Amino acid sequence: MRVAVNALPINNFSGRRVLLGHLRNLAAASNRRHSFHVLHHAGNRDLRCDLGPNVEWIECAGVGSRWLGRLVWEATRMRRQLRLLGADRLISTSGALVPFAGVPQWVWAQNPWCFFPAFHFGIGDRIKARLQRIGYAAAQRHAQAMFYLSDYMARCYAENAQATAIHGATTYVGVDDDIFAAAADRLDFDARELEIVTLSVMTPHKAIEDCVDALALLHSRGILARLALVGPWSDPQYRLEIEVRVARLALAPYVEISGAVDQAKLMSHYRRARVFCLMSRCESFGIPAVEAQAFGTPSVVADACAPPEVAGPGGRVVAPGDIAGAADALAALLVDREQWQVASAAALRNVERFRWGRVSQPMIDWLDQSGDLT
């Protein structure tokens, strides 16, 4: 079977992670029974890598990273591209069906943003969100198969469409093997710093201010922890607001804002911190929380979207915006050795669910079934 993969919507780190991880496993498991033809644009050319002889990378001219231009290209030129490839199936990574594709489609559902009006700024965002909700509903009703990044995303799609998918399965994101390898050299409680790490793409819906406010409350209780904010900032104005907040609360000596870091620095943060914290309001999965757990670092997350599901017993869950509750959970893991050790052991058990060889299996099984039916 010849499977086309629409990678045109993949323009951020998380999407790259999902695509390359699952595609690597699909290609390896197919044992050349199936071939994969990945359509991308010049702006995400860095996706290209060697995933084996049955994965072909195809750069599409006339389309870029802007969502509206991509939709027009897909509606007017995708069908011809699929005919040229002789494609039997199309994997859509946008969460919606590609219109007029002419072949059965499998859809990856990995973005809940359109379900959160509080984060739609201006008429352009509102139009985009409305179109996404319509597209997601059509995919839920008509796609040959739906693969959700979390059970939370499966519920979102079902509620939005008021329909059950023809075939649906949750396919989590995996933790990379090099992270598991580096995490073998993990530190116990006493060897770690009195530090909280928050790692993400920093945008307003991540509620970074909640982490800062929780740190201030810890300091008022005499727990002089540090906070490392690690990851790129999508909005310079939001970063400025956080910096002003840190200064106003007299926390500048205790807050490190490092921006994007390389892999070695990232793993150093996971290893040395006593706790990971992210109070995000909009997450389809939450990759950093489980990466931290590979190092035995427990998580504190907001009870919103997928993070409670993903963090599992290795995480403490608090209500969104509950600063006192967040401070209580952080304090227990920062200063109580026994509680930390119990949570750390639970984190190590939980993260085993997210080895790549396990999370891709529902998709591999469906690929084999569909190939037999072709």
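Two strands count as paired if DSSP finds at least two bridges between them, and strands themselves are DSSP runs of E of at least two residues, as helices are runs of H or I of at least four, both numbered from the N terminus. In this predicted model, local features need pLDDT of at least 70, side-chain atom pairs count only at pLDDT 80 or more, and totals for chains, interfaces and linings use all residues. Residues are numbered from 1 along each chain as its sequence is written, and side-chain values use heavy atoms, with hydrogens and water left out.

**Sheet**

- The open sheet has 7 strands in the order β3-β2-β1-β4-β5-β6-β7, with parallel pairing.
- Because β3 (55-59) and β7 (168-170) stand at the edges with a single partner strand each, one side of each is left without a neighbour in the sheet.
- From one strand to the next the twist averages 20 degrees.
- Strand β1 (residues 2-6) pairs with strand β4 (residues 89-92) in the parallel sense over 4 bridges, with Val 3 opposite Arg 89 and Asn 6 opposite Ser 92.
- On its pairing with β5, also in the parallel sense, β4 has 3 bridges, and here Ile 91 stands opposite Trp 106.
- Both faces of β4 are covered, since Arg 89 and Ile 91 on one side and Leu 90 and Ser 92 on the other are all buried (under 20% relative accessible area with a 1.4 Å probe, protein chains only; over 50% is exposed and in between is partly exposed).

**His 40**

- His 40 lies in strand β2 (residues 35-40) and is buried, with a relative accessible area of 0%.
- Leaving aside residues up to four places away in sequence, His 40 touches Leu 8, Arg 45, Leu 47, Arg 48, Trp 57, Ile 58, Glu 59 and Cys 60, where contact means heavy atoms within 4.5 Å.

**Helix pair α3 and α4**

- Helix α3 (residues 123-142) and helix α4 (residues 151-161) pack at an angle of about 100 degrees with their axes 9 Å apart, the axes being lines fitted to C-alpha atoms over the stretch in contact and the angles running from 0 to 180 degrees between N-to-C directions.
- The two helices α3 and α4 are therefore roughly perpendicular to each other, a term for angles of 65 to 115 degrees.
- Residues making the contact include Arg 133 and Tyr 136 of α3 and Tyr 157 and Asn 160 of α4.

**Confidence**

- The mean pLDDT of the chain, the predictor's confidence in each residue from 0 to 100, is 94, and 99% of residues reach 70 or more.
- Confidence is lowest in helix α14 (residues 361-373), at a mean of 80, and highest in helix α6 (residues 208-220), at 98.

Definitions and conventions: Parallel < 35°, antiparallel > 145°, perpendicular 65-115°, else oblique.
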